[in-house]
Amino acid sequence: MLRITVGDFEFAARLEEEKAPNTVAALRGLLPLESKLVQARWSGEAAWVPLGWELELGIGAENATSYPGPGELLLYPGGLSEVEILFPYGATLFASKMGQLAGNHFATIEAGKERLPELGNAVLWDGALELRIQQS
């Protein structure tokens, strides 16, 4: 399980270890992760955590999707866009200014999911929020 804190919001997410073992292993190497969650510009009702162009995770597509549901967290390992975590809170089509992307579905929010629309409104209207992801 992951414990995710975004501003005043608390979430717990189940790791998708059977479907995305390499992605989960790469993510564990980044933990604890402290960054900012910002509104995604091209992906609809989603926020993202930019991790940079220079980060090399050594993974490819694994359990990849362009259409995650609310709370289905994606890790994009880089390529057409920078490495990032996508944090969908509503209807999402994962994309960048280069076009549609597919990210690796590595975790699913189980606790706190009902607050995702509220999180979306906060990120959209109030701006970037502090984020911390850690193993629980």
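Where is G71 found in this chain? Hello everyone, let me start there. G71 is found in the loop between β5 and β6. Before I go on, please keep in mind that this is a predicted model. So, is G71 buried or exposed? At 0% relative accessibility, G71 counts as buried. And what does it touch there? Leaving out residues up to four places away in sequence, G71 touches P88, A107, T108, I109 and L116. One more distance for this glycine: the C-alpha atoms of G71 and L15 are 12 Å apart in space, while the two residues are 56 residues apart in sequence.

Let's move to the nonpolar core. The largest one has 34 residues. Those with the most contacts inside it are L2, I4, F87, F106 and L119. I'd like you to find F87 on the screen. Not counting residues up to four places away in sequence, F87 touches I4, V6, F11, L37, A46, A47, L73, I109, L116 and L119. There is also a second, separate core of 8 residues, and its members include A46, Y76, F94 and L101.

Now for the aromatic rings. How many aromatic pairs are there? The count comes to 3. Take F9 and F11: their ring centres are 6.3 Å apart and their planes are at 10 degrees, so this pair is stacked. F9 is buried, and so is F11. Next come F11 and F87, with ring centres 5.9 Å apart and planes at 65 degrees, so here the pair is edge-to-face. Which parts of the chain does that pair tie together? F11 lies in strand β2, residues 9-15, and F87 in strand β7, residues 83-92, so the pair ties together parts that are 76 residues apart in sequence. F11 and F87 are both buried.

On to the largest pocket. About 240 Å³ of space lies in it. Its lining is made up of 14 residues, and R41, W42, W48, S81 and S96 lie nearest its centre. What is the lining like by class? It has 7 nonpolar, 3 polar and 4 charged residues.

W42 is partly exposed, with a relative accessible area of 40%. Leaving aside neighbours within four places in sequence, W42 is in contact with L93, A95, S96 and K97. W42 and G99 are 57 residues apart in sequence, and their C-alpha atoms are 8.6 Å apart in space.

The other one is S81, which lies in the loop between β6, residues 72-76, and β7. Is S81 buried or exposed? S81 is buried, with a relative accessible area of 11%. Again leaving aside neighbours within four places in sequence, S81 is in contact with W53, Y76, S96 and L101.

Two details of the backbone are worth a look. The peptide bond from L31 to P32 is cis, with omega near -10 degrees. P32 has its place in the loop between α1, residues 21-28, and β3, residues 33-39. Then there is N63, where phi is near 55 degrees, a positive value in a residue other than glycine. N63 sits in the loop between β4, residues 44-52, and β5, residues 64-65. With a relative accessible area of 29%, N63 is partly exposed.

Last stop: S136. This serine is found in the segment after β11, residues 129-135. What does S136 touch? Not counting residues up to four places away in sequence, S136 touches M1, L2 and R3. The C-alpha atoms of S136 and I4 are separated by 9.2 Å, with the two residues 132 residues apart along the chain. S136 is exposed, with a relative accessible area of 60%, whereas G71, where we began, is buried.

Key. Residues numbered from 1 in each chain as written. Predicted model: local features only at pLDDT ≥ 70, side-chain atom pairs only at ≥ 80, totals over all residues. Heavy atoms only, no water. Core = buried A, V, L, I, M, F, W, Y, C linked by side-chain atoms within 4.5 Å. Buried < 20%, exposed > 50% of the residue type's maximum accessible area, 1.4 Å probe, protein only. Contact = heavy atoms within 4.5 Å. Helix = DSSP H or I, 4+ residues; strand = E, 2+ residues; numbered from the N terminus. Phe/Tyr/Trp six-rings, centres within 6.5 Å; stacked < 30°, edge-to-face > 60°. 1 Å grid on protein atoms, 1.4 Å probe; cavity = no way out; pocket = protein on both sides within 12 Å on 5 of 7 lines; lining within 4 Å. Points joined across faces, edges and corners; volume = space filled by probe spheres on them. Nonpolar A, V, L, I, M, F, W, Y, C, P; charged D, E, K, R; others polar.
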